[in-house]
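Hi there,

Here's the structure I promised to pass on.

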Amino acid sequence: MDTTKSPLERVLEIPEIIERVSAHLTRSTISSATRVSKAWYRAYLPIVWHTIDNGQHWRDHRFLEAIAQHGDLIRVLICTRYDEIDLLIPPPRTGHSPEQSVSLCRYLTSVVMPKTTSLNQKQHAQLIRQNPGLRELSLTFHDELSSTFTELVDAIGELKNLRRLAFDENKSLEASTLEKILQRCSRVSPDGNGSLQELSLGGTFYIKHPFGNGEDFASGVVSTTGESAHWTETNLSHDSDTPTKEPFAITTLHMDTVGCVQDLLLNLCSRFPSLSILSLRESAELYYGDGFPKRLARRCPQIKSLDISQTEDMDDDTIAELISSFPDLHTFIAEETRFGTESLNALVKHCRDLTVLNIASAYEMESAAMQRLLSTCWSLRSLNAWGVAYNAVEMMQEAHRLQKEQGSRSILTDGQPWACTGLERLTLNVIYSPPDESQIRNVYPPSRARRFLYDQLGRLNKLQYLALETSWEDHGDVSDRDNDDHYGDKKAVEIAEEALQDKMEQMRLAGASRERAVQDEEVDNNETWVDYSFKSGLRRLEGLKELRQLSLHGVSHNIALSEICWMAENWPHLRQIEYLPWTMDDQDALVILKYTAEHYPWIQFTEDD
């Protein structure tokens, strides 16, 4: 051990620590670190060269000189479509064979290749062969049919560790070429190489897919449109028996930004019985027909992750049927789709093991259905429901109905508590918008709805990210309203009043000292909604000990310096607050920023995530 170095210097030379530190540094800072000392040069140089985007450096003579010296440090190489990679494959030395030439970049694990043409095919194949440890490969063929690139295809087939293969934006890839590659790299049989597990065939939105309907690729059962030239909703595809072909070990399939008929998707999936992740993001012209979800489940019964974001041709009923066909789903992403109440109810009924749900900017759905999801889906870890407003009054009504139906009681929450206490990320838009009936307004005033929401959130003791957009649409003073009968929902009122009386009795019997202490600091008025102030009930969120990031986007907050101090003291992992300074008076924001920087420097204020 070098005793002339300080303990700090010795610690900063440990590779694992250097790697962690570098994750928080810019590329220019890391480059500067290589000039601090010889030890840091050796430690940081591989990080500098780990990922190279050729498009930014390819014509820089200094880069070309440096790559000759450090090319073997590159692990991820990203080329643009028309980059020349000749310098990575120098010509053979005099008297030596091509195999004996001095090659650069021999330890790549991931490559995005330039567009392959008949002229550069040999160089591309050689680059692949000089990197037998490749795990990820992305290719684009020129306009020639893929069957003309035999040398490149053979080089791909020699890779023994390839895990992901992408043929994005390929308008000339033939099914026979794909079959040949999969037979070499993704065989299920014991004597085959089954390393290839992820396949991407996206990016063909504006062109006719080169596979057509994929009928020649299908196995066991084939989806076909018969003699019709075009598939329409009135000309539904059907399944026909066909000889069984060898299955492949593909577990992840990306068909993002693809315009194709559903036959192609079904015929491709017939060869991937072990498929567990399927992405159809931004797909179009699929025209999902009757029975499509069940036919897909017949081919790929093990799907656990589905992404149908921004799809154009799937209505709420079809999405609900799709969910019902895959009860083992643990991830479902449906941003900007017609996902609605029927789909949400299907998740509640069939997918109790769901861990990730993203329905941001989806179709309008009932607030009661969201409450049912939160009250029953105990396994949920991440929920993004941004862009759809959920009414706190209707959620409370459903919480009371569930509580009465199940005969459960809780002194911690007003109504059935949320079961998803393992949530780590929550993005939700909750409004206060009571109905016109004065009875329900008086039973569910803003103060009670506010406590309901705070108490539910306060139980999420594993929450790390919280983005709660809040607004209210009640322009009257609930306390001044009379109790005349306006023919409201009497059953809902009775359930709510019964739940409130039951909770008060439980609190009296249990003491509920903490509840009284919290209420002493709250102002029980109906002019305040969820604004993260002490008066609105901020202290009820004391249980969020794991919270790291708080977003105030869409919140009419009333946060002062005292609230920031409380958050810093009670949420020990808090590191980031979004939008706070940009939604305050300049002087107040300056005070908070200055005081926080001095006393809680680990908390950063940002404009966006």
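Which ring does the charged end of Arg-425 sit over? Keep in mind that this is a predicted model. The ring belongs to Tyr-465, and the charged end of Arg-425 is 4.2 Å from its centre. There's also Arg-539, which lies over the face of Phe-534 at 4.5 Å from the ring centre.

Now the rings themselves. Aromatic pairs come to 10 in the count. Take Phe-141 and Phe-149: their ring centres are 4.9 Å apart and the planes are at 5 degrees, so this pair is stacked (the cut-off is under 30 degrees). Both Phe-141 and Phe-149 are buried, and together with Phe-167 they form one aromatic cluster. Phe-332 and Phe-339 pair up too, but tilted, with 6.0 Å from centre to centre and 45 degrees between the planes. Phe-332 is buried, at 0% relative accessibility, and Phe-339 is buried with a relative accessible area of 0% as well.

You'll meet those two again in the largest nonpolar core, which has 150 residues. Phe-332, Phe-339, Tyr-532 and Met-567 have the most contacts inside it. Beyond its neighbours within four places in sequence, Met-567 is in contact with several residues, including Tyr-532, Leu-538 and Ile-577.

Cheers

Notes: Residues numbered from 1 in each chain as written. Predicted model: local features only at pLDDT ≥ 70, side-chain atom pairs only at ≥ 80, totals over all residues. Heavy atoms only, no water. Core = buried A, V, L, I, M, F, W, Y, C linked by side-chain atoms within 4.5 Å. Buried < 20%, exposed > 50% of the residue type's maximum accessible area, 1.4 Å probe, protein only. Contact = heavy atoms within 4.5 Å. Phe/Tyr/Trp six-rings, centres within 6.5 Å; stacked < 30°, edge-to-face > 60°. Lys NZ or Arg CZ within 6 Å of the ring centre and 35° of its normal.
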